[in-house]
Amino acid sequence: MNDVDVAIVGAGPTGLALAGELALAGVSCAVVERRAEEPNLTRASSSSSVRAWTANARGLTDRLMPRGVRVQSVSPAPGATLELGILPGRYPTLLIVPQSGTEMLLEERARELGVSVRRGYELVDLAQDDDAVRLELRGPDGPETVTAAYVVGTDGAHSAVRRLIGVDFVGTQYATHIMLADVRLSRPPGETLFGATTTEGLVLFVPFGDGWFRAIAWDRSREDVPLSEPVTLDELRSAFRRIAGDDYGMGEPRWSTRFLSERRQARSYREGRVFLAGDAAHVHSPVGGQGMNTGIGDAMNLGWKLAASVHGWARPGLLDTYEQERHPVGETVLRMTDGAYKLVMAHSRLGLKLRQQAIRLMLRVPRARRRIAGLLSGIDIRYPRPAGAHPWVGRRMPDLTGVGGERLYEALRAGRFVLVGGTDLPAVAGWSDRVVALACSSQDKMPGTVLVRPDGYVDWAADEASTAQIHAALRERCGPELTHSA
């Protein structure tokens with residue numbers, strides 16, 4: 001007998017998002033976290049459209065949006081502005097949210113759904129067999145053991161889970177360390193998201209929305225300073241004055257640190273019944289603010305697949321598709337953030353000018369603008385399409401409105417598949433615990449029938465399909481129909 005269906009090690013955004021997904025699907029889970037304290041204000045912030053889409057698909061938009069700052073445009077180089085209004089959907093913007101705010105919201109949701117979040121528990125050992133995984137923990141009251149059908153390590157870049165299952169974390173460190181500080185500004189810059197770069201480095205201000213800003217500095221003149229040396233206000237002001245031309249009235253930090261950023265990815269995301277997600281699976285330069293977004297994407301992808309396996313209706317190989325889909329996404333994010341870092345961190349004035357000119361030229365091309373906005377926001381992430389599958393398979397499904405006024409992303413809030421089609425859409429009563437139907441009067445530019453996964457991606461589509469073909473697709477992807485006794 002297992003204590004829980006799924007044990008999650010790590011109560012950051014990825015682990016808490018996954019816990020919410022599992023609980024929504026009726027899977028028992030527990031989250032254990034080494035930190036004894038609740039998340040604090042010094043955690044990272046990140047920007048995403050995907051988080052807004054995800055919140056919309058789970059009914060959390062009204063609780064997320066007030067915690068963040070909307071960014072309507074970004075300027076990756078002088079004279080180059082990328083307007084985010086070109087993005088599709090209801091949220092054509094980046095939303096900057098402190099990680100602490102995201103964690104608090106996701107933990108609130110997980111607890112509302114009955115998830116146990118246990119703080120002050122350190123993972124000591126892990127063993128698995130064909131049927132279960134056993135975790136040995138050191139808790140506030142001494143050693144404890146938890147047994148689960150599956151375990152997911154969401155315990156960060158220095159993951160104990162990853163170490164205990166023997167998965168390599170492949171990559172390198174960047175040479176120039178990063179200084180971080182939370183400060184107030186007496187003369188805030190005009191841009192919501194401010195950045196400046198020279199051959200001496202890169203500086204950024206990220207607003208928290210409450211009068212505090214995250215100051216970020218890569219300063220080549222300070223790259224030999226020991227990581228253990230405290231960051232001083234004079235050091236920060238000097239970096240911003242030399243690189244941005246102004247310190248914007250920076251006040252004494254309430255918190256500061258310096259660290260070396262890394263570019264690493266787990267060689268595999270699964271070992272038997274144990275999975276890796278979030279920073280335990282991939283870390284990269286903070287340029288682009290993709291870390292939290294990628295981790296929550298991992299959670300959304302893995303959650304419904306684990307639920308299907310626990311409930312016994314997963315199609316063969318479904319759990320293997322987690323790595324098949326998310327490992328390439330991690331690779332793409334690493335390449336994108338590494339490229340962005342190198343683009344803005346030129347060593348010579350000529351190199352910097354050439355790279356800035358290249359950015360300006362790219363943003364003059366409409367297709368390139370749309371592609372860059374899609375990658376930066378995360379909206380354009382797609383999964384591999386099996387041979388012979390409809391071209392829509394693997395893409396994120398756009399929001400649309402059914403004949404009764406219900407939107408697709410409202411229908412997704414139950415955490416089930418959604419079958420989208422015309423007004424003659426066949427009944428799905430046989431799969432009522434796994435599938436909801438959304439009939440649309442207008443289907444311009446979309447297939448006749450689409451099966452949308454719980455994470456918002458297209459699982460199956462057909463331009464024309466009979467009732468028998470649609471039901472066959474449901475059996476293959478959502479398991480057998482309910483019996484009369486069920």
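Student: What makes β18 and strand β21 (residues 282-283) a pair?
Tutor: Two strands pair if DSSP finds at least two bridges between them. In this predicted model, in which local features need pLDDT of at least 70, side-chain atom pairs count only at pLDDT 80 or more, and totals for chains, interfaces and linings use all residues, β18 and β21 are joined by 2 bridges in the antiparallel sense. Q265 has H282 in β21 as its bridge partner. Residues are numbered from 1 along each chain as its sequence is written, and side-chain values use heavy atoms, with hydrogens and water left out.

Student: How do you know that β18 also pairs with strand β12 (residues 169-173)?
Tutor: The two strands run antiparallel and share 5 bridges. In this pairing F169 stands opposite A266 of β18.

Student: Why is strand β18 (residues 262-266) called mostly covered?
Tutor: Buried means under 20% relative accessible area, exposed over 50% and partly exposed in between, with a 1.4 Å probe and protein chains only. Of the 5 residues of β18, 4 are buried.

Student: Why is R477 called buried?
Tutor: R477 has a relative accessible area of 14%, and is therefore buried. R477 belongs to helix α12 (residues 467-478); helices (H or I, at least four residues) and strands (E, at least two) are DSSP runs, numbered from the N terminus. Leaving aside residues up to four places away in sequence, R477 touches W313, R315, F417, L451, D459 and W460, where contact means heavy atoms within 4.5 Å.

Student: Against which strands does α12 lie, and at what angle to β25?
Tutor: Helix α12 lies across β22, β23, β24 (449-452) and β25, and runs at about 165° to β25. Axes are lines fitted to C-alpha atoms, for helices over the stretch in contact, and angles run from 0 to 180 degrees between N-to-C directions.

Student: What makes β23 and β25 edge strands of their sheet?
Tutor: The open sheet has 4 strands in the order β23-β22-β24-β25, with mixed pairing. β23 (435-439) and β25 (458-462) each have a single partner strand, so one side of each lacks a neighbour in the sheet. Direction ignored, neighbouring strands here are turned by 15° against each other on average. Strand β22 (residues 417-421) pairs with β23 in the parallel sense over 5 bridges, and V418 stands opposite V436 in β23.

Student: Why is α1 called roughly parallel to α4?
Tutor: Angles under 35 degrees count as roughly parallel, over 145 as roughly antiparallel, 65 to 115 as roughly perpendicular and the rest as oblique. The axes of helix α1 (residues 13-24) and helix α4 (residues 99-112) come within 9 Å and cross at roughly 20°. That angle makes α1 roughly parallel to α4.

Student: Which residues of α1 and α4 meet?
Tutor: P13, L16, A17, A19, G20, E21 and L24 in α1 meet Q99, T102, E103, L106, E107, R109 and A110 in α4.
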